[in-house]
Amino acid sequence: MKTADQINLPTDMHYHKEHTWIKKDGDTCLVGISDFAQDQLGEVAFVDMPETGAHFNANDEFGTVESLKSVNALFMPVSGTVVEVNAALEDTPTLINASCYGDGWIIRIKADDATEADGLLDSESYRRIL
């Protein structure tokens, strides 16, 4: 397990207190789990993702991530509609462990209000709650 100082927390994204992140990507946003979350889980074995077109409010559960240790809920950082799921995770869920902020993103959403993410934690605030 990594110490809080070893956790990778890019500054160009926002973090939910329940360990998901969101990053603006053009007119949509990518959502995934933080380095802290993937480190705590250990090797990810399965990701249950929502259907494209599903709408969630901020803080709603939108799926689960399973490891050999546990099954954990995924919480939506902002309100929005799923426009894409990361199909690569179906065959290779360990992409989350290898690249949680890159190839291991979970869903792409169209946020209802792009400024809603501004109310989430920045990297330093998130590190402090760890």
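The legends below describe close-up views of a predicted model.

Because this is a predicted model, local features are given only at pLDDT of at least 70 and side-chain atom pairs only at pLDDT 80 or more, while totals for chains, interfaces and linings use all residues. Residues are numbered from 1 along each chain as its sequence is written, and side-chain values use heavy atoms, with hydrogens and water left out.

**View 1. Strand 3 and its covered faces.**
Helices (H or I, at least four residues) and strands (E, at least two) are DSSP runs, numbered from the N terminus. In a regular strand the side chains alternate between the two faces of the sheet. In strand 3 both faces are covered, with Thr28, Leu30 and Gly32 buried on one side and Cys29, Val31 and Ile33 buried on the other.

**View 2. The pairing partners of strand 3.**
Strand 2 (residues 20-25) and strand 3 pair in the antiparallel sense over 6 bridges, where two strands count as paired if DSSP finds at least two bridges between them. Within this pairing, Thr20 has Ile33 of strand 3 as its bridge partner. The hairpin of strand 2 and strand 3 has 2 residues between the strands, and Gly26 takes a positive phi near 70° in this hairpin. Strand 3 is also joined by 3 bridges to strand 9 (residues 107-111), the two running antiparallel, and here the bridge partner of Cys29 is Ile109.

**View 3. The largest nonpolar core.**
The largest nonpolar core has 37 residues, of which Ile22, Val47, Phe62, Ile96, Ile106, Ile107 and Ile109 touch the most other members; such a core is a set of buried Ala, Val, Leu, Ile, Met, Phe, Trp, Tyr and Cys residues joined through side-chain atoms within 4.5 Å. At least two residues of this core come from each of strand 2, strand 3, helix 1 (35-41), strand 4 (44-48), strand 6 (61-67), strand 8 (80-85), helix 3 (95-98) and strand 9. The most is given by strand 3, with 4 residues. In soluble globular proteins, nonpolar side chains tend to be buried together.

**View 4. The surroundings of Ile96.**
Leaving aside its neighbours within four places in sequence, Ile96 is in contact with Ile33, Gln38, Val44, Val47, Val65, Leu89, Gly104 and Ile106, contact meaning heavy atoms within 4.5 Å.

An open sheet of 3 strands has the order 4-6-7, with antiparallel pairing. Its edge strands are strand 4 and strand 7 (71-75), each of which pairs on one side only. Strand 6 and strand 7 pair over 5 bridges in the antiparallel sense, and the bridge partner of Val65 in strand 7 is Asn72. Thr64 has its place in strand 6 and is buried, with a relative accessible area of 15%. Apart from neighbours within four places in sequence, Thr64 is in contact with Phe46, Val47, Asp48, Val71, Asn72, Ala73 and Leu74.

**View 5. The salt bridge of Asp12 and Lys23.**
A search of the whole structure finds 5 salt bridges, a salt bridge being a side-chain nitrogen of Lys or Arg within 4 Å of a carboxyl oxygen of Asp or Glu. In one of them, Asp12 pairs with Lys23, and the closest N and O atoms are 3.1 Å apart. Asp12 lies in the segment before strand 1 (14-15) and Lys23 in strand 2, so the pair ties together parts that are 11 residues apart in sequence. Asp12 is partly exposed, with a relative accessible area of 46%, and Lys23 is partly exposed as well, with 28%.

Arg108 forms a salt bridge with Glu84, the closest N and O atoms being 3.1 Å apart. This pair links distant parts of the chain, with Arg108 in strand 9 and Glu84 in strand 8, 24 residues apart. Arg108 counts as buried at 17% relative accessibility, whereas Glu84 is partly exposed, with a relative accessible area of 33%. Asp25, Glu84 and Arg108 are linked in a network of salt bridges.

The side chains of Glu124 and Arg127 meet in a salt bridge at 3.9 Å, N to O. Both residues lie in helix 4 (residues 123-129), 3 residues apart, about one turn of the helix. Glu124 is partly exposed, with a relative accessible area of 43%.

Conventions
Buried means under 20% relative accessible area, exposed over 50%, partly exposed in between (1.4 Å probe, protein chains only).
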